[in-house]
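Let's take a walk through this protein together. Keep the sequence and the 3D view side by side as you read.

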Amino acid sequence: MKLSDFDFDLPEALIATRPARPRSSARLLVAEGDTIRDLQVRDLVDLLGPGDRLILNDTRVIPARLSGQRLRQTGQGPAEARVEVTLMEPAAGGQWRAMARPLKKLQPGDRIRFSDALSAEVAARGPEDVTLAFDCAGAAFDAALAEAGAMPLPPYIAARRPADAQDREDYQTVWAARPGAVAAPTASLHFDEPLLAALAARGVAFSHVTLHVGAGTFLPVKVDDVSDHRMHAEWGEVSETAAAEINATRAAGGRIIPVGTTALRLIETAADETGRIAPWRGETDIFIRPGYRFRMTDALITNFHLPRSTLLMLVSALMGVGCIRNIYLHAVEHGYRFFSYGDASLLIPPGRDRLDSGRPGHPPSAPTA
């Protein structure tokens with residue numbers, strides 16, 4: 001398929017720069033096959049029930065955006081320049097890969113001072129990023145980063161306003177536990193404690209997995225033939241407990257519903273051809289696009305994604321390209337808010353609305369375009 005197959009017109013006014021308050025008051029587009037309903041996230045209590053299991057990504061976003069002063073000794077004496085850095089992922093030896101502006105003015109050996117407690121040396125510079133060696137590690141690094149860093153808002157929000165103190169709460173899920181992400185699993189931002197309690201009382205079960213979302217999630221697709229695109233890798237883990245819970249739900253005929261594309265990509269990585277999942281730990285670069293045969297996912301709760309993005313390709317694989325085109329046209333026409341702080345959707349492919357659709361012997365099929 002071509003990249004242009006995943007394009008659509010989005011009015012800039014529909015790009016959300018702040019979340020709904022309370023979280024569960026955000027709008028929810030429910031798509032069951034070709035049927036579309038307009039509800040709110042809090043209505044999930046009526047849409048889900050006993051036998052359903054939500055898969056929650058418990059990664060925690062670190063304050064990965066840093067502003068500092070580059071320090072360099074020259075023939076004319078010390079020279080300083082302002083530098084903006086966004087941490088991307090840990091590298092060997094406790095170092096970090098990072099995006100930097102201005103990248104071309106950084107050289108190996110340069111020092112960058114971010115605060116009294118946090119500095120780094122440029123260990124290497126590549127064509128698109130730098131490797132930084134910080135002067136502290138472990139708990140000291142975490143504390144210094146929490147003090148000096150800002151939440152790494154997506155580019156489409158950062159271009160409209162700077163991150164502020166409110167984003168430290170807004171851009172974090174209520175169940176965040178394991179630090180390491182530099183972008184939020186944004187579908188999860190719609191859940192608050194009252195909604196979780198109501199779902200639990202309804203009999204909905206939860207399993208926690210971890211996928212540390214990387215900055216590569218915002219990288220554009222640059223190839224016309226999408227099969228030539230290579231995904232960035234992200235670290236994840238499915239624990240023995242989570243795997244056992246998911247397998248028990250499938251064996252009982254329940255639905256497995258990831259909250260967000262990150263949780264979906266992880267469980268699809270860890271699942272085998274028979275529809276069972278095993279404990280798993282490592283890096284995944286799975287690229288889900290139309291034609292993919294889903295092994296584990298029965299439905300998906302997700303936000304509305306960027307045009308020409310791999311995430312739009314993923315939901316097109318789940319629902320069908322034509323169906324997603326209609327869903328996004330409906331969303332635009334009805335004023336849904338898009339992207340990380342925007343509204344949500346519950347996507348239920350044909351044949352997955354009944355609890356027996358996930359039973360062994362009823363493997364899911366890939367939707368047609």
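What follows covers a sheet, some salt bridges and the cavities, in that order.

First, the ground rules. This is a predicted model, in which local features need pLDDT of at least 70, side-chain atom pairs count only at pLDDT 80 or more, and totals for chains, interfaces and linings use all residues. Residues are numbered from 1 along each chain as its sequence is written, and side-chain values use heavy atoms, with hydrogens and water left out.

Start with the sheet. Five strands make up an open sheet with mixed pairing, in the order β14-β3-β12-β13-β15. At its edges sit β14 (256-258) and β15 (280-284), each of which pairs on one side only. From one strand to the next, the twist averages 25°. Strands here are DSSP runs of E with at least two residues, helices are runs of H or I with at least four residues, and both are numbered from the N terminus. Two strands count as paired if DSSP finds at least two bridges between them. Inside this sheet, β3 runs parallel to strand β12 (residues 205-211), and five bridges link the two. One to look up on screen: Leu-56 has His-208 as its bridge partner in β12.

Now for the charged side chains. Side chains of opposite charge can pair when their charged atoms come close. The cut-off used is a side-chain nitrogen of Lys or Arg within 4 Å of a carboxyl oxygen of Asp or Glu, and by that rule there are 21 salt bridges.

Strand β3 turns up again in one of them. Glu-245 bridges to Arg-53, with 3.7 Å between the closest N and O atoms. Because Glu-245 lies in helix α6 (residues 240-251) and Arg-53 in strand β3 (residues 53-57), the pair ties together parts that are 192 residues apart in sequence. To say how covered a residue is, take buried as under 20% relative accessible area, exposed as over 50%, and partly exposed as in between (1.4 Å probe, protein chains only). Arg-53 is buried at 11%, while Glu-245 is partly exposed at 27%.

Asp-164 and Arg-161 form another salt bridge, at 3.9 Å from N to O. Asp-164 is partly exposed at 31%, and Arg-161 is buried at 12%. Shared partners join Arg-18, Arg-161, Asp-164 and Asp-167 into one salt-bridge network. Glu-32 and Arg-37 also meet, at 2.9 Å from N to O; Glu-32 is partly exposed at 30%, and so is Arg-37 at 34%.

How many cavities of 30 Å³ or more does a search of the whole structure find? There are two. A cavity is a set of points on a 1 Å grid over the protein atoms alone where a 1.4 Å probe fits but cannot get out, and lining residues have an atom within 4 Å of a point.

The largest cavity has a volume of about 60 Å³. Its lining includes Pro-19, Arg-23, His-190 and Tyr-341. The second largest cavity holds about 30 Å³, and among its lining residues are Met-231, Arg-265, Phe-287 and Thr-310.

Note on methods:
On a 1 Å grid over the protein atoms alone, a cavity is a set of points where a 1.4 Å probe fits but cannot get out, and a pocket is an open set with protein on both sides within 12 Å along at least five of seven lines; lining residues have an atom within 4 Å of a point. Grid points are joined across faces, edges and corners, and a volume is the space filled by probe spheres set on the points. Axes are lines fitted to C-alpha atoms, for helices over the stretch in contact, and angles run from 0 to 180 degrees between N-to-C directions.
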